[in-house]
Amino acid sequence: MLKKWHYIFLFFVVLLVLLLLRLPLGTAGKFKLAISGLFLPLFGLSNSTHQWLGQARDALVPRRELLRQIEQLRHDNEDLKLRLAQDAQLENENARLRSQIGWARQTRWRLKPARVMARDPANWWRSLEIDLGSRDGLCTNLAVLTPDGLVGRVQSVSEARSQVVLLGDPNLRVAAKVAGPGPANAETGIIMVNSSMPQEEGMIDLDLLSGASGVEPGQSVLTWGAGGVFREGIPIGTIVDKRPKEYGLSTEARVKLAANLSALEEVWVILP
């Protein structure tokens with residue numbers, strides 16, 4: 001039921017309409033212009049709001065595109081870290097080439113990122129599966145690494161997947177050399193599974209060092225390049241300690257891996 005003020009408001013509206021109808025045409029036109037002028041600021045505010053909303057909508061980037069850009073930037077960052085590691089090796093090589101003309105120069109790595117798809121829970125330290133295959137240019141015996149260091153090599157390849165054998169597999173041997181200052185510089189040996197405790201996380205052995213080896217804790221271990229499987233200069237890890245073998249005829253050093261094999265989600269493959 002209408003209240004009293006509703007009737008009063010309705011009365012004034014009717015009165016205003018009758019008044020407008022009885023006004024001369026010129027006066028009515030001026031009155032309409034005056035009334036519309038009162039609402040112009042509101043229309044201007046509405047247009048400005050629509051323009052601002054349109055600009056804000058154009059400035060916003062879809063979440064999927066942002067995630068794609070972040071992923072691309074992460075790939076580029078890891079690629080730069082890998083190339084920086086190689087640049088240090090190339091600098092050392094260039095110094096040798098100045099004094100020994102005729103050595104073949106190293107070429108830059110062709111890197112392709114791959115996502116880890118699966119790994120055996122019972123033997124997680126021995127192998128994994130990645131989402132690249134022959135259609136992506138992969139073949140067997142390609143080196144697999146992270147920005148931190150060597151992971152393993154491609155063992156078998158299908159069209160869309162590949163099996164990677166890790167440094168924790170007893171069948172994977174890597175020719176390695178000791179780098180950095182000290183008497184052990186340029187000493188070479190073979191990387192293999194930690195003989196005392198194969199499942200010890202992140203630890204491997206550098207075997208077949210000389211009996212008088214001068215390797216020291218903290219020195220870096222890199223791939224040597226002998227054998228043709230692994231390029232020279234890929235970081236492997238850092239020497240932790242050493243012990244004599246075969247009655248002092250040789251030395252074995254324990255090496256802490258640079259790459260964390262237990263937390264691999266994405267790796268890089270060096271293409272041929």
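Arg 83 counts as partly exposed because its relative accessibility is 22%, the class of partly exposed residues lying between buried (under 20% relative accessible area) and exposed (over 50%), with a 1.4 Å probe and protein chains only. The side chain of Arg 83 meets that of Asp 79 in a salt bridge, with 2.9 Å from N to O; the term denotes a side-chain nitrogen of Lys or Arg within 4 Å of a carboxyl oxygen of Asp or Glu. The two residues are 4 positions apart in helix 3, and are therefore separated by about one helical turn. Asp 79 counts as buried, because its relative accessibility is 16%.

The structure is a predicted model, in which local features need pLDDT of at least 70 and side-chain atom pairs count only at pLDDT 80 or more, whereas totals for chains, interfaces and linings use all residues. Residues are numbered from 1 along each chain as its sequence is written, and side-chain values use heavy atoms, with hydrogens and water left out.

The chain contains 3 helices and 12 strands; these are DSSP runs numbered from the N terminus, helices being H or I of at least four residues and strands E of at least two. Of the 272 residues in the chain, 34% are buried. The chain exposes about 17,000 Å², of which carbon and sulfur atoms supply 60%, as given by the Shrake-Rupley method with a 1.4 Å probe, where for residues only the protein chains shown count as cover. Among contacts (heavy atoms within 4.5 Å) with a separation of 6 or more, 58% are between residues 24 or more positions apart.

Helix 3, which spans residues 63-99 and includes His 75, also holds a second salt bridge, in which the side chains of Glu 71 and Arg 74 meet at 2.7 Å, N to O. Both residues lie in this helix, 3 residues apart, or about one turn. Glu 71 is partly exposed because its relative accessibility is 24%, and Arg 74 is partly exposed at 33%. A network of salt bridges links Glu 71 and Arg 74 with Glu 78, Arg 115 and Glu 266. Glu 266 is also among the residues touched by His 75, together with Pro 113 and Trp 268, when residues up to four places away in sequence are not counted. His 75 counts as buried because its relative accessibility is 16%. Over the whole structure, 15 salt bridges are found.

A barrel is closed by 6 strands in the order 6-7-8-11-10-9, with antiparallel pairing. From one strand to the next the twist averages 45 degrees; axes are lines fitted to C-alpha atoms, for helices over the stretch in contact, and angles run from 0 to 180 degrees between N-to-C directions. Two strands are taken to pair if DSSP finds at least two bridges between them. Strand 6 (residues 174-179) runs antiparallel to strand 9 (residues 220-223), joined by 4 bridges, and Ala 179 stands opposite Ser 220. Ser 220 has Thr 238 as its bridge partner in strand 10, and strands 9 and 10 (the latter residues 235-245) are paired in the antiparallel sense over 3 bridges. Strand 6 is likewise joined by 4 bridges to the antiparallel strand 7 (residues 188-193), where Ile 191 stands opposite Val 174.

A further salt bridge joins the side chains of Lys 177 and Glu 232 at 2.6 Å, N to O. Lys 177 lies in strand 6 and Glu 232 in the loop between strand 9 and strand 10, so the pair ties together parts 55 residues apart in sequence. Lys 177 is buried, with a relative accessible area of 13%, while Glu 232 is partly exposed at 22%.

The largest nonpolar core has 45 residues, and those with the most contacts inside it are Ile 191, Leu 206 and Ile 236. Strand 12 (residues 266-271) provides the largest share of this core, 5 residues. Such a core is a set of buried Ala, Val, Leu, Ile, Met, Phe, Trp, Tyr and Cys residues joined through side-chain atoms within 4.5 Å. Neighbours within four places in sequence aside, Leu 206 is in contact with residues including Ala 176, Val 178, Ile 191 and Val 221.

Strand 4 (residues 150-157) is joined to strand 3 (residues 143-145) by 3 bridges in an antiparallel arrangement, and a hairpin of 4 residues connects the two. Strand 4 also pairs with strand 5 over 5 antiparallel bridges. Val 165 lies in strand 5 (residues 162-166) and counts as buried because its relative accessibility is 3%.
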